Amino acid sequence: MSNSTDDSMHEYKQQLMDTISETYPQYFQKQLLSEFEKVDLVAVKKRVILKENKSRIDLREVAPAQRLIEGLNSSKVVKSIERNEFLRAYPFSVVLNGIASSENVFKELEKVGEVQNFFSPNYQHDNIFDPQSSKEVIPTVYEVGNVSLVKFSKLITGHTTFGVKKQVKYNIVGVYFKHWKVLEIRMDKAKSYFQQDDTFYDEQMEFAKEWFVKKAKFNVSHINWPSVISYINKKEQSEVTVHSQGMSMSSGAKADLYTGHSGNSILPLLGELKELMKVNEELFEESPKIKVLLEKFIQETEETSDLPWISLLWKGKNNTDTIVKFKHDYLGRNYTLLNYTGRQSDMEKMNYVTEYIIENRNELSRIELAATKQIKQTAASTEAVS
């Protein structure tokens, strides 16, 4: 290994140390160490008798808060952290239509040095892109079956309220599902002092999207998620329920509405008003003007109110529900931002949510296509008769 490679790895490890210290919660560090111990990369438990293993790092006497950082002395631990960056859950994502320019687009890009392959014997570590420099963006690719993961590592800079400069490795992962022709851009959370303004996540999404379009020659377009989420909301099924949603009325009033224990997906405010009228039907019949006014209010509110966001809940076992907030027309940019709330452990749940909404998107498309075909056939029949 050359001196330049040694220097590069040393600088990279320092950036990883700063990132772990600044952005990895203790519970997450503990979780990673537990996973690494299972595959004999580190030793953490004090009451375990260790067998001979020269590549394992003994962290039993290291302070808990410093164990993962100390583990970076092992290149295998570094690579395991990088692998986890591909496979873990992320709090934000945007799901788009995405069609690759060719079947082997990433292998072609690897040949000309535009990407690096995580599984290549020549792979050293992620290339961290510094937006302040002219250094070219060279992401790392991790391919498994029909799924290609493309990780962009960015150096982001911020200053705390005390003026202390902080720099961390920020991850954006593009997940290309070949069989669905879908590109999902997943983004990590960033502390407020790393964000110049509220466009931070939009900028990260555009950064990754632009690379896929310009470098990988992807054909990318937005999906009309409001109609799909509305379709899911109206379906008779028990797997997914409405958790909460925002409501902006034509009067300018706004409200955050939460579904009750009954799981009723009707807007609570209007749903309860409808129920009140139903229970007291006789009283309202005695006051027909009031009844008409209320019915008109409910109808107009439902028709004119904007629903800027909605949270859906995917039921899980042992209190492992997944809640995803869909922010439609995010920052007026004509796309939907998905925000996963609560603690997530790996990408499995994210993949399941993506699969679920894509399947419903396809189902809705088939229904709309059949309806359009039926309308055309009816119109043609009517024209033939006349």
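In the predicted model, the axes of α2 and helix α4 (residues 75-87) come within 11 Å of each other and cross at roughly 120°; axes are lines fitted to C-alpha atoms, for helices over the stretch in contact, with angles running from 0 to 180 degrees between N-to-C directions. The contact (heavy atoms within 4.5 Å) is made by F28, L32, E35 and F36 of α2 together with V77, S80, I81 and N84 of α4. By class, five nonpolar, two polar and one charged residues take part in the contact of α2 with α4. Here Ala, Val, Leu, Ile, Met, Phe, Trp, Tyr, Cys and Pro count as nonpolar, Asp, Glu, Lys and Arg as charged, and the others, Gly among them, as polar.

Helices (H or I, at least four residues) and strands (E, at least two) are DSSP runs, numbered from the N terminus. After α2 comes D40, with a positive phi near 65°.

H243 lies in strand β11 (residues 240-248). H243 is partly exposed, its relative accessible area being 28%, which falls between the buried limit and the exposed one of over 50%. The C-alpha atoms of H243 and V324 are separated by 8.9 Å, although the two are 81 residues apart along the chain.

Residues are numbered from 1 along each chain as its sequence is written, and side-chain values use heavy atoms, with hydrogens and water left out. Because the model is predicted, local features need pLDDT of at least 70 and side-chain atom pairs count only at pLDDT 80 or more, whereas totals for chains, interfaces and linings use all residues.

Notes. Buried < 20%, exposed > 50% of the residue type's maximum accessible area, 1.4 Å probe, protein only.
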